[in-house]
Amino acid sequence: MNEDDLEIHTCASECDPQIGAHVGVEIRHKPTQITVRETKLPTQFANKTEAMKKLELELLALIQRGF
């Protein structure tokens, strides 16, 4: 996946008293306009990693449907 095709934003997320505020990540794939968001994990890195996995699955599903 080409990094130039991605638009990545961070956002404040849920707050867990034991961990503190989570930092959510939203990733948009510019060519397809597919947007995924992950906010449940405790770190920005973990949320970004999980969001990238979700985006890859969405793109694979799109390819399998013959896009």
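The model is a predicted one, in which local features need pLDDT of at least 70 and side-chain atom pairs count only at pLDDT 80 or more, while totals for chains, interfaces and linings use all residues. Residues are numbered from 1 along each chain as its sequence is written, and side-chain values use heavy atoms, with hydrogens and water left out.

**Overall layout**

The chain holds one helix and three strands, in the order β-β-β-α from the N terminus on. These elements are DSSP runs numbered from the N terminus: helices are H or I with at least four residues, and strands are E with at least two. Of the 67 residues in the chain, 24% are buried. The accessible surface comes to about 4700 Å², and carbon and sulfur atoms hold 52% of that area; the areas come from the Shrake-Rupley method with a 1.4 Å probe, and for residues only the protein chains shown count as cover. Among contacts (heavy atoms within 4.5 Å) with a separation of 6 or more, 30% are between residues 24 or more positions apart.

**Salt bridges**

Side chains of opposite charge can pair when their charged atoms come close. With a salt bridge taken as a side-chain nitrogen of Lys or Arg within 4 Å of a carboxyl oxygen of Asp or Glu, the count comes to three.

| Pair | N to O distance |
|---|---|
| Arg 28 and Glu 7 | 2.9 Å |
| Glu 26 and Arg 37 | 2.6 Å |
| Glu 38 and Lys 54 | 2.6 Å |

The salt bridge of Glu 38 with Lys 54 links distant parts of the chain, with Glu 38 in strand β3 and Lys 54 in helix α1, 16 residues apart. Glu 38 counts as buried because its relative accessibility is 7%.

Arg 28 and Glu 7 also form a salt bridge, and this pair reaches from strand β2 (Arg 28) to strand β1, residues 6-16 (Glu 7), across 21 residues. Glu 7 has a relative accessible area of 27%, so it is partly exposed.

In the salt bridge of Glu 26 with Arg 37, Glu 26 belongs to strand β2 and Arg 37 to strand β3, so the pair ties together parts eleven residues apart in sequence. Both partners are partly exposed, because Glu 26 is at 22% and Arg 37 at 49% relative accessibility. Their side chains are also joined by a polar contact of 2.6 Å; such a contact is a pair of N or O atoms within 3.5 Å, where within protein one must be able to donate a hydrogen and the other to accept it, and residues adjacent in sequence count only if both atoms are side-chain atoms. Leaving aside neighbours within four places in sequence, Glu 26 is in contact with Glu 7, Ile 8, His 9, Thr 35, Val 36 and Arg 37.

**The nonpolar core**

A nonpolar core is a set of buried Ala, Val, Leu, Ile, Met, Phe, Trp, Tyr and Cys residues joined through side-chain atoms within 4.5 Å. The largest one has ten residues: Leu 6, Val 25, Ile 27, Ile 34, Val 36, Ala 51, Met 52, Leu 55, Leu 59 and Leu 62. Two or more residues come from each of β2 (20-29), β3 (34-38) and α1, and α1 gives the largest share, five residues. Leu 55 touches Met 1, Leu 6, Ile 27, His 29, Ile 34 and Val 36, not counting residues up to four places away in sequence.

**A buried asparagine**

Asn 47 sits in helix α1, residues 44-64. With 0% relative accessibility, Asn 47 counts as buried. A polar atom of the Asn 47 side chain lies 2.7 Å from the backbone oxygen of Val 23. Beyond residues up to four places away in sequence, Asn 47 touches Val 23, Gly 24, Val 25, Glu 38, Thr 39, Lys 40 and Leu 41.

**Surface and loop**

Leu 57, Leu 60 and Ile 63 make a nonpolar surface patch of about 330 Å². Patches are made of residues with over 30% relative accessible area and no salt bridge, joining like charges within 9 Å and nonpolar side chains (Val, Leu, Ile, Met, Phe, Trp, Tyr) within 5 Å. Leu 57, in helix α1, counts as exposed because its relative accessibility is 59%.

Finally, a backbone angle to look at: Gln 33, in the loop between β2 and β3, has a positive phi near 65°. Most residues other than glycine have a negative phi. Gln 33 is partly exposed, because its relative accessibility is 48%.

Conventions:
Buried < 20%, exposed > 50% of the residue type's maximum accessible area, 1.4 Å probe, protein only.
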